[in-house]
Amino acid sequence: MIYTLENHELKHAVEEMLFHLLPTETLSRADTAEQITEPYCRSILTEENGEAAARAIVCMDGVTQEAEKRASIAGLGTLDYKRTITELVKTTVYDAVVPFLPQTPVWGSLTGVRPAKLARGMIERGMTRGEAAVELREHFHVSPERTALTIRAAATAMEMDKTIGENDISLYVGIPFCPSRCYYCSFVSATTAQSGKLIEPYLDTLCREIEETAALVRAAGKQVQSVYIGGGTPTTLDEHQLARLLSALENHFDFSHLREYTVEAGRPDTITPEKLRVLKSASVGRVSINPQSMNDAVLAAIGRKHGSADVLRAFDEARQAGFDEINMDLIAGLTGDTAETFAQTVDTLLNLSPENITVHTLAIKRGADLTDKAAAAAQRETVSQMLDGASHALQNAGYGPYYLYRQKFMAGGFENVGWCKPDTECFYNVSMMEELQTILSLGAGGVSKRVVRETGWIERANNPKYPLEYIQAADRLANGKKKLLFPKK
Ligand code: SF4
């Protein structure tokens, strides 16, 4: 599809909305309306007498649809002005494209990754939960099911927010290594075959970063509320390396205020009784064992080097090691999976009865995987059935949704939802996704965020993305965290 931006430069807003609604279209921009051919989208903005008017004209298959919206911009500050015109442009593109779709997207015109944060903002600005739900449904066209999910996640976040003090922070520690690469992986993670020799120098650098960060945290008077070790696959480390990492954390940070300690064990083929014992003796309370699917043909098709039997074994070993908070991740939309085999996977997990089950939707690469419109529509329908079936089965089994997020390019424009048994919500997941508190991220690819809780202002400091770059930057790693913990007034 060709698009134009006329009298504005909100390229990201227009592209994001077009991809959200028409994921099979390859987008390209034309400079003027004279250069366009069907299918096209023209986005036009005019401003006059303190009022902005956005108009979108969309033409596909010989049919043209138009939408227009206006809003007052008189007296708005820069941020509010930008927010207003961006929303006008996005919603007019949405209104002009939707008549071409077989059905309204479940998230309506919402393209953001944190819908619950949006709802929380509405409630904090004075709306009741009911009014926020009406706003989501009527203004953003969100489906009744997704609206209920969003309001519930917002309510969980608001409750958790009350338990966070001014000086409370959380830590994320990244181990960007995996035993092999899954075909769908979009993370920065190196395989042990390619980069195994980097693991020891990586740990050396990480232990140094831990020591320096802990000193800054102490000096800033902050206390650590939760720790999450993720990846990659942290249990790619052997038991000695894991023990070294966990001791470094415990020796340098004060964990006397810790309310939650999670290790995303992840791949069952890396989990052993010895490693589980190391985690348990370091007071790790929560682990993740992620099958993604319990169908062996699907696991083979996505390049996992383990079968469903390995998941059952790892789960059993974790229970035997004393873990009573276990999360399991699933992905809807994997190659070769069907609504039926996905439902069987959900049932198998429910029989294991983990405390948390996180249902992800496969993120697709923009314009790459779904070039065939019929295949895209079929996949959207299948993923929709998978998610609806999982939601039904999980609720029947006593699980409730507690956090959710979306990614930019998800199959069918759906979402990822964390489900839990009562009172087993993962604090870190909610805090991180809803941006409730400052989180310092250690390791390659770590993005630390200082959250100013009164205003919602967020400041970031990024670590180098790849293990080698990270190791080479060892002398500079503390600088970003220092800036976040000691901001200039
Ligand atoms: S286990 Fe996770 S991080 Fe590692 S390759 Fe697979 S999807 Fe990527």
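Guide: What follows begins with the helix pair and then turns to the chain and the ligand.

This is a predicted model, in which local features need pLDDT of at least 70, side-chain atom pairs count only at pLDDT 80 or more, and totals for chains, interfaces and linings use all residues. Residues are numbered from 1 along each chain as its sequence is written, and side-chain values use heavy atoms, with hydrogens and water left out.

Helix H8 (residues 239-252) and helix H9 (residues 273-281) have axes that come within 9 Å and cross at roughly 10°; axes are lines fitted to C-alpha atoms over the stretch in contact, with angles running from 0 to 180 degrees between N-to-C directions. H8 and H9 are therefore roughly parallel to each other, a term for angles under 35 degrees. On the H8 side, Glu 239, Leu 242, Ala 243 and Leu 246 meet Glu 274, Lys 275, Val 278 and Leu 279 of H9, where contact means heavy atoms within 4.5 Å. By class, this contact has five nonpolar, no polar and three charged residues, with Ala, Val, Leu, Ile, Met, Phe, Trp, Tyr, Cys and Pro counted as nonpolar, Asp, Glu, Lys and Arg as charged, and the others, Gly among them, as polar.

As for the setting, the protein chain has 16 helices and 18 strands, which are DSSP runs (helices H or I, at least four residues; strands E, at least two) numbered from the N terminus. The C-alpha trace of the protein chain spans about 65 × 55 × 45 Å along its principal axes. The shell around the ligand divides into five nonpolar, three polar and three charged residues.

Key:
Parallel < 35°, antiparallel > 145°, perpendicular 65-115°, else oblique.
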